[in-house]
Amino acid sequence: MFILRDILLPLQDHFPETTLGRERASLFVYTILSIIVPFTSSMTSNLWRCLDSLFGFEIKNKRFYTFMASPTLPWAELWQTIWGGGLIPSPAN
């Protein structure tokens with residue numbers, strides 16, 4: 001599980017240092033873990049259930065769906081950290 005920590009913790013740095021930013025960073029990481037854990041399929045409704053059942057993350061489904069569809073998620077920076085930062089080797093190499 002150390003590899004997951006090494007990959008997921010740097011991703012949280014791309015969210016603002018505000019209370020909402022820290023909450024979103026945590027929610028983002030737990031959502032990634034929900035996708036990885038072989039508990040359910042990666043359908044959004046199942047991820048929301050997984051967050052509640054496995055991780056005890058109490059969030060209203062509407063708020064979770066809004067988060068997942070948010071145009072303000074820092075995708076460019078997240079991808080750059082993963083591929084450019086060497087967290088996961090580029091498949092092109």
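Here is a short walk through a helix pair and the aromatic rings around it. The model is predicted, so local features need pLDDT of at least 70 and side-chain atom pairs count only at pLDDT 80 or more, while totals for chains, interfaces and linings use all residues. Residues are numbered from 1 along each chain as its sequence is written, and side-chain values use heavy atoms, leaving out hydrogens and water.

Let's start with helix α1 (residues 2-12) and helix α2 (residues 19-36), which pack at an angle of about 145° with axes 9 Å apart. Helices here are DSSP runs of H or I with at least four residues, and axes are lines fitted to C-alpha atoms over the stretch in contact, with angles from 0 to 180 degrees between N-to-C directions. On the α1 side, L4, L8, L11 and Q12 meet α2 residues including F28, V29 and I32 (contact means heavy atoms within 4.5 Å).

Now for the rings. Phe, Tyr and Trp rings (for Trp, the six-membered one) pair if their centres lie within 6.5 Å; planes under 30 degrees apart are stacked, over 60 edge-to-face, and the rest tilted. That rule gives 6 aromatic pairs. F15 and F28 have ring centres 5.6 Å apart and planes at 45°, so this pair is tilted. F15 sits in the loop between α1 and α2, and F28 in helix α2, 13 residues apart. F15 is buried at 5% relative accessibility, and F28 is buried at 6% (buried means under 20% relative accessible area, exposed over 50%, partly exposed in between, with a 1.4 Å probe and protein chains only). Ring pairs also join F15 and F28 with W75 in a cluster.

Terms used. Helix = DSSP H or I, 4+ residues; strand = E, 2+ residues; numbered from the N terminus.
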